[in-house]
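Please open the structure in your viewer and keep the sequence beside it.

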Amino acid sequence: MERPNGTSAVYRYAVGLMSGTSVDGIDAAVVAIRGELDGSEKPEVQLVAYENTSYPDQVRAEIFAMFDPRQATIDRVSRLNVWLGELFAQAALAVIRKAGLTPGDIAWIGSHGQTIYHAPDAGSEDGLDLRYTVQIGEGAVIAARTGIPCVSDFRVADMAVGGQGAPLVPYTEYLLYREEKRTLLLQNIGGIGNMTVLPQNCRPDEVYAFDTGPGNVLIDGVVTRLTKGAATMDVGGSLARRGQVHAGLLEELKREPYYQQPIPKSTGRELFSASYMDRLLEDQARYGLSAEDLVATVTRLTAWTIGEGYRRFVRAQHAADVLIVGGGGSYNPVLMSKLQDEMNAMGVAVMTQEDLGFHSDAKEAVAFALLAGCTLDGVPNNLPRVTGAAHPVVMGKISYSPPERE
């Protein structure tokens, strides 16, 4: 095949699908990949098309209900698993059309699915250490509707060998971003924030990463509560900009034990849950804060958690040159301003994916396209130092749907 720019070279088209903690919709990306994915060289990866498909209100409400284990009955989870598989398949076909391609042009689909529960820390049962996680959006349905092999359910293979099952994107960041002369930090600000550390001229086993804490989850959560659902995010940081950070509440929130927990570590809505939002609204009443003040305070906290993650776990070993920010939080100018204050004070420049010519929203969808390629090629695609796994594994479950025989 020819590459998209018309020059002759072997490349493969793939689709990546992602739905994150913020439940903003399904991110779908078509990428063209040239080169191996085993880390022996930097592959050439071009973003061909990207599209975000918002969830219908009924589906989004059902996903949020499934975050509550009391509501997540087996019948509702199973039904939503298939329902999301149908929607993910539709998103894949739509982005393929946008790219001017057909399903027959696509070698594979990689789908992260939608996490509804993540419990990475071992719990003992009958002498066994049990780690578990649930991502829904049935890969078999995606494969059946598209006719394209689909790789899904990545996290469990890492957790089966003692890992946290997260973060998973760092392997792809190593493939695409590593540099010989600069130490880079890659910070995703989705629902949860996570940081990847790429020391200069690093090997795969020198990369490390961890969840810094809340990304947009607290900001979105309090905005949704305060507006009774009329708004689900602080668009452009407009509320935070009009508020004042409450120093006392900020100091209380900084004492969350997760921030001091050693790495490797990961977190999610299990910690920053509906009950956490309840407490924030109680704090608002206790201190007599306006809505704007509360949003400003959790926005400042989010920036602090990223700076604190760097101070506590990275700076002494690998003083960084640049922090590169992606995810929805990179579009919040107030959050970005507070993050620049945090990082610039430690001599670290702050840039966005767009500053480098990439696409913040597409980054994780692209990552799962690459991770799925590793799965199909038999290439280990976790980083044990990042997740805490005992050894490298090939993550992902493969669903095929071959054409019907005549």
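The stops below concern an annotated site and then aromatic rings.

This is a predicted model, in which local features need pLDDT of at least 70 and side-chain atom pairs count only at pLDDT 80 or more, while totals for chains, interfaces and linings use all residues. Residues are numbered from 1 along each chain as its sequence is written, and side-chain values use heavy atoms, leaving out hydrogens and water.

Begin with the "binding site" that an unreviewed UniProt entry lists, selecting among its residues Asp24 and Ile26. UniProt positions follow the numbering used here, feature names are shortened, and annotations may be inferred rather than shown by experiment.

Select Asp24, in the loop between strand E1 (12–19) and strand E2 (26–34); strands are DSSP runs of at least two residues, numbered from the N terminus.

Ile26 is buried, with a relative accessible area of 1%.

Now select Phe64 and Phe67, an edge-to-face aromatic pair with 5.3 Å centre to centre and 80° between the planes. Rings of Phe, Tyr and Trp (its six-membered ring) pair if their centres lie within 6.5 Å; planes under 30 degrees apart are stacked, over 60 edge-to-face, and the rest tilted. Phe64 is partly exposed at 29%, whereas Phe67 is buried at 17%.

Finish at Tyr258, Tyr259 and Trp304, which form one aromatic cluster.

Notes: Helices (H or I, at least four residues) and strands (E, at least two) are DSSP runs, numbered from the N terminus. Buried means under 20% relative accessible area, exposed over 50%, partly exposed in between (1.4 Å probe, protein chains only).
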